[in-house]
Amino acid sequence: MKTKVRDCHYDLALLRWGCLTLEDRKLWREDLDPKINVVRELAREFGALLVPLDGIFAQASMLAPSSYWAPDGVHPSPSGHALIAKAWLKAVGVAE
């Protein structure tokens, strides 16, 4: 059984608790941001198509809470998957 309180998720069946504090998020970004920059640099270097999901999810989080797009902060919800699909289709020129 899962219960959601604010941006915290409790999995009572596994007795697991996941809740990112502001400090956790800062540490997470310190690790993630350099990796995002490497991916951007590689895309430029090799002329690869890049779908900048981090920015897309950040922008979407202005319309609905982050947990709507990715309940655990990492894995997309069905709405998050739809957001990814729409961005990918736009990037490859199939949709606007």
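Figure 1. pLDDT is the predictor's confidence in each residue, from 0 to 100. Where pLDDT is low, the predicted coordinates should not be read in detail. Strand β1 (residues 2-5) has the lowest mean pLDDT among the elements of the chain, 42, while α4 has the highest, 95. For the chain, the mean pLDDT is 81, and 77% of the residues reach 70 or more. Residues are numbered from 1 along each chain as its sequence is written, and side-chain values use heavy atoms, with hydrogens and water left out. Because the model is predicted, local features need pLDDT of at least 70 and side-chain atom pairs count only at pLDDT 80 or more, whereas totals for chains, interfaces and linings use all residues.

**Figure 2. The chain has four helices and three strands.** Counted from the N terminus, its elements follow the order β-β-β-α-α-α-α. Helices (H or I, at least four residues) and strands (E, at least two) are DSSP runs, numbered from the N terminus. Of the 96 residues in the chain, 16% are buried; buried means under 20% relative accessible area, exposed over 50%, and partly exposed in between (1.4 Å probe, protein chains only). The chain exposes about 7500 Å², with carbon and sulfur atoms supplying 64% of that area. Accessible areas come from the Shrake-Rupley method with a 1.4 Å probe, and for residues only the protein chains shown count as cover. Among contacts with a separation of 6 or more, 28% are between residues 24 or more positions apart.

**Figure 3. Arg29, Asp33 and Asp54 are linked in a network of salt bridges.** A salt bridge is a side-chain nitrogen of Lys or Arg within 4 Å of a carboxyl oxygen of Asp or Glu. Side chains of opposite charge can pair when their charged atoms come close. Arg29 meets Asp33 at 2.5 Å, N to O. Both residues lie in helix α1 (residues 22-46), four residues apart, about one turn of the helix. Arg29 also forms a salt bridge with Asp54, with the closest N and O atoms 2.9 Å apart. This second pair links distant parts of the chain, Asp54 being in helix α2 (residues 53-60) and Arg29 in helix α1, 25 residues apart. Arg29 is partly exposed, at 27% relative accessible area. Asp33 is partly exposed at 30% relative accessibility, and Asp54 is partly exposed at 30%.

**Figure 4. Asp31 and Lys35 form a salt bridge.** The closest N and O atoms of Asp31 and Lys35 are 2.9 Å apart. About one helical turn separates Asp31 from Lys35, because they are four residues apart in helix α1. Asp31 is partly exposed, with 42% relative accessibility, and Lys35 is partly exposed, with 46%. In the whole structure, the search finds three salt bridges.

**Figure 5. The largest nonpolar core consists of seven residues.** Its members are Ile56, Phe57, Ala60, Ala64, Trp69, Leu83 and Ala87. Helices α2 and α4 each supply at least two residues of this core, and the largest share, three residues, comes from α2. A nonpolar core is a set of buried Ala, Val, Leu, Ile, Met, Phe, Trp, Tyr and Cys residues joined through side-chain atoms within 4.5 Å. Leu83 is in contact with Ile56, Phe57, Ala60 and Trp69, leaving aside its neighbours within four places in sequence. In soluble globular proteins, nonpolar side chains tend to be buried together.

**Figure 6. Ser77 lies in the loop between α3 (66-69) and α4.** Ser77 is buried, with a relative accessible area of 9%. Not counting residues up to four places away in sequence, Ser77 touches Tyr68, Trp69, Ala70 and Pro71.

**Figure 7. Leu49, Trp88, Leu89, Val92 and Val94 form a nonpolar patch on the surface.** Together these residues have about 480 Å² of accessible area. Patches are made of residues with over 30% relative accessible area and no salt bridge; like charges are joined within 9 Å, and nonpolar side chains (Val, Leu, Ile, Met, Phe, Trp, Tyr) within 5 Å. Leu89 lies in helix α4 (residues 78-91) and is partly exposed, with a relative accessible area of 32%.

Conventions: Contact means heavy atoms within 4.5 Å.
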